[in-house]
Amino acid sequence: MTPTRFSRAPAVRASIRFRQRRTMLWLAAGPALFALALLVWPVARLLWQGLWGEPLAGLPLDDTGPWWLDAHLQWRVGWTLVQALTTCVLCLVLGLPMAWVLARLEFTGRMAWQRALMLPFVVPTLVAALGILALWGPRGLLGAPLAQAGWSLEGSPWLLLLGNLFFNLSLVVRAGMDGLAQVSAQRVAVARTLGATPWRAFWRVEWPVMAPWLASALCLVFLYCFTGFGLALVLGGQRWSTVEVEIYTLIAHELALASAAALAVAMLALTAGIAWAYAWVERRLASPARITPVARRPLQGAAVWGGWALALGGWLLLCGAPLLALLLQAAQAAWFGQGWAVLGEANTWLAVGNTLRFSGLALALATALGLLHALAGQAMRRWAPAALAWRASAYAPLVVSPVALAFGLLLLYPQWLASWPLLVAAYALLAYPFVAKALTAALDALPDSYVQAAASLGARPVRVLWRVTLPLVAPALRRGMAFAAATMLGEFAVSLLLSRPEWLTLSTLIYQRLGRPGSANLDAALVLSALLMALALLAFWLIEGRGPQRSAPRRAQPQDSRHA
């Protein structure tokens, strides 16, 4: 190599680094500006309103004292904490045996049960709430006989807790399965050889490995129960609803914006702390480079059979039966009641059309944002701190409560509330993290040699992306889009605060029917919920109907429909 070429090498490397930084900035600009306008500024406006109570022209403000001096709000915050912690305990106690059965036993139907664990990730909130009422409510398949025996659940906190279990139990089961998959068979065998009983081997060998996975899942369970809105609104009633419902009531019915903002700020602070704890636990999750997992064994012995039956029966009762009860009662309402009439109403098809139109537009926007976010993260790989921060920022829309987000949008953009693009943009904000996370994982697993080979043959970066990268990550892209679509189809909290009568969606129409008295409206709500469930199951088919079985994403990835 000549001295001239040596002297040019640093300049060439500097030029390459400059082009890489420029590409990184261009890719990150779209998602960053979108999140800034739709998330950061609205949350900052909400913080300002809650901390300093700045008057806002055109919107009345209440002059009540701080929320922490109000006995009613103190009780509401306390109950919100209690129901979230209670759900965590119940999920751990019930989910751990189910995870052990799925991870350690081999039986017919195991894969079907494992796939069914994904149902709560895509079922809309209101569908789950109606399913709980169809099974445990005063007219439910089990609730009615219990009421006749003097054990009515109406007006009790159990309906909300059962709804929380429906959504969160599968999350803990999946986390337990993932944790048990990291246990080394050699370590278990050594413990048993040294005389440890099965229980002692589990407690001393398996539990320390799976505990961080369960801790991560329980952080998310607490977060989503604490910030839940739809379930608490429908199942909690006036007494057992949560802080999110209280914030919505203060905004929509009492126009007490100062109290609502202050309460929302306090909830944001707590959820931020829980989200930090989740991120800290996630960082500590480390699986061995090479392990031999414990082999699954067949069902043998009365104790094993009994444990399997209890685990499967418990999951079916808590997670499967509500959906079956909803379908059964919807069919009865359609054929023997007055529910069928709702399918001929103009409002129903207006709601269906708006749901599909808004979800379709938001899905296109969310897909573009998620793709740009994932590609920008790949371009930042040489700058580890920046890459880590950028990837973590994808979770920000899932950490902020949709009620708080909608409130912040209402405060910051009151002049845009009559514009449906704001509603579509809010949908996309809540959905694009699913696309970004799925694509990020797929791009991380993609060998660099594929892209380098295409580039060495003269293909430009855009052509490499179109002809090589996108076809290879297409399954992950479809999976992320399916989760995003399921989230938007059932989105409720943002729609309730930002929607207008002409923007009626299926979720808001179901809530309207539930708010009206009479059995005819309840029958109509059941039929509409079954219709919305059919759309959600279509998204479920998109997730599970292609390619090999994949592990379900953690709640920070799917999810977010649980916020609503």
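**View 1. Buried residues of helix α18.** In α18, the buried residues are Pro 402, Val 403, Ala 404, Leu 405, Ala 406, Phe 407, Gly 408, Leu 409, Leu 410 and Leu 411. Buried denotes under 20% relative accessible area, exposed over 50%, and partly exposed in between (1.4 Å probe, protein chains only). Helix α18 (residues 402-412) is largely enclosed by the rest of the structure, because 10 of its 11 residues are buried. Helices are DSSP runs (H or I, at least four residues), numbered from the N terminus. The model is predicted: local features need pLDDT of at least 70, side-chain atom pairs count only at pLDDT 80 or more, and totals for chains, interfaces and linings use all residues. Residues are numbered from 1 along each chain as its sequence is written, and side-chain values use heavy atoms, with hydrogens and water left out.

**View 2. Nonpolar cores.** The largest nonpolar core holds 177 residues, of which Trp 113, Phe 229, Ile 247 and Phe 407 touch the most other members. Helix α19 (residues 420-445) supplies the largest share of this core, 17 residues. Another core, of 6 residues, lies apart from it and includes Val 183, Val 188, Ala 191 and Val 205. A nonpolar core is a set of buried Ala, Val, Leu, Ile, Met, Phe, Trp, Tyr and Cys residues joined through side-chain atoms within 4.5 Å.

View 3. Ala 196 is found in the loop between α8 (185-193) and α9. Ala 196 is buried, at 15% relative accessibility. Leaving aside residues up to four places away in sequence, Ala 196 touches Ala 191 and Ala 201 (contact: heavy atoms within 4.5 Å). Helix α9 (residues 198-226) spans only 36 Å between its end C-alpha atoms, whereas a straight helix of 29 residues would span 42 Å at 1.5 Å a residue; the expected span is 1.5 Å times one less than the number of residues. At Trp 207, shortly before the proline Pro 208, α9 has a kink of about 55 degrees. The bend at a residue is the angle between axes fitted to the seven residues ending there and the seven starting there.

View 4. The structure holds 0 disulfides (pairs of cysteine sulfur atoms within 2.5 Å). For Cys 219, the closest cysteine sulfur is that of Cys 88, at 8.1 Å, too far for a bond. For Cys 225, the closest cysteine sulfur also belongs to Cys 88, at 6.2 Å, again too far for a bond. Cys 219 is buried at 17% relative accessibility, and Cys 225 is buried at 3%.

Methods
Helix = DSSP H or I, 4+ residues; strand = E, 2+ residues; numbered from the N terminus.
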